[in-house]
Amino acid sequence: MTVTPHLFIPGPTTIPDRVRMSMNLPMEDMRNPEFPKFTLPIFEDLKKVFKMKDGRVFIFPSSGTGAWESAITNTLAVGDKVLMSRFGQFSLLWVDMAERMGLNVVLCDEEWGTGVPLEKYADILAKDTAHEIKAVFATHNETATGVSSDIAGVRKALDAAKHPALLFVDGVSSVGSLDMQMGNWGVDCCVSGSQKGFMLPTGLGILAVSQKALDANKTLNGRMNRCFFSFEDMIKTNDLGYFPYTPATQLIRGLRTSLDIMKEEGLENIFARHKRLATGVRAAVDAWGLKLCAKAPVWHSDTVSAIEVPDGIDANNVLKTAFYRYNTSLGTGLNKLNGKVFRIGHLGALDEFMVGGVLFAVEMTLKDVGVPIKLGSGTGAAAEYFSKTATKSAAAPATKAA
Ligand SMILES: *Cc1c(COP(=O)(O)O)cnc(C)c1O
């Protein structure tokens, strides 16, 4: 049987057929005189997704990690003090990068399952009256633990201390799925990638940059060696609708379609859909009697759930069983969570039917590996929630038929 594998990892996510087909086209000349008519509106539409007040968006032929590097090397100098927090594999990797790039990291090491420690940030920033800290980093959605953090709260901490540091946000698994208000929250560099909320293959590092960060790039502060990820080269060519090196034209064609789809649904509707689907997943986890890795509801992520397995059960066995028996890929437990959690990615092109499908597979898998749960308990709880909260538009075809 050749059913497409069911992909429920938190990126790459499922690509809508319309997006996939829009990338199936002959190679094009990226210096042709018509090319800017295609590229320039994409930069403008991306600004709306990030809800920017000023600044610009860069599209690198890289993964999200490249956009991390670009943000750092273009606005900071070796030896600069920066404030960061670590509470999962992705925030851990960003700290590792910052240290390897030569930044002096003031680190808040937090329990995995929690997020950005607002009070500690506020305290550290208030005490830094000499403004030695040049940038504050926050992982909006820690994909390893299924934890979302309050970025508006980080802005408040900065403002309360009247601190001029730049604000860097990792939005790789949030932008396009969870609300990102760069303008209102005063975010200076927001990092994203193509393969999560943007519903594309991996291969684009998308970096949104405020005017303040662009200014920092021009001052002495922005003096770190850089080449491939340099803002300057990008700006020179992007302003004319081109790129300093060969752009990933096919992926950008796909991005055009993703942005169209996102515009049609509307950002606020997209966020509401993610919230609703995530709530259904959490209802199932509750009904199974299992616990999320996220320590409290304030940390709940609407794009990914990391679910703890009971003592004596190996989460890697859950992953293997789901894969081999039910053709379903779940997210693995990363780093110290390996064997302890499995993750369900619920972001991007997704509806109740698909969430129901993965919960069905997870339920059978859990029973197979020896977790004492009642088949139908989790799927039933999710179905109960979805049917209770069904919207008119979701039921539109049936209404029409009747
Ligand atoms: C996926 C992810 C990354 C890494 O992005 P790549 O595209 O794999 O380089 C970074 N941060 C978060 C929060 C992520 O989810």
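A polar contact is a pair of N or O atoms within 3.5 Å; within protein, one must be able to donate a hydrogen and the other to accept it, and residues adjacent in sequence count only if both atoms are side-chain atoms. This is a predicted model, in which local features need pLDDT of at least 70, side-chain atom pairs count only at pLDDT 80 or more, and totals for chains, interfaces and linings use all residues. Residues are numbered from 1 along each chain as its sequence is written, and side-chain values use heavy atoms, with hydrogens and water left out.

Start at the ligand. Select Thr143: a polar atom of its side chain lies 2.4 Å from a ligand oxygen atom. Next, pick Gly64, where a polar backbone atom is 2.8 Å from an oxygen atom of the ligand. Then take Lys196, which has a side-chain N or O atom 2.6 Å from a ligand oxygen atom.

Lys196 lies over the face of Phe90, 5.2 Å from the ring centre (the criterion is NZ of Lys or CZ of Arg within 6 Å of the ring centre and within 35 degrees of the ring normal). For another such case, select Arg253, which lies over the face of Phe38 at 3.6 Å from the ring centre.

Finish with Phe228 and Tyr245. Their ring centres are 4.6 Å apart and their planes at 5 degrees, so the pair is stacked (rings of Phe, Tyr and Trp, its six-membered ring, pair if their centres lie within 6.5 Å; planes under 30 degrees apart count as stacked, over 60 as edge-to-face and the rest as tilted).
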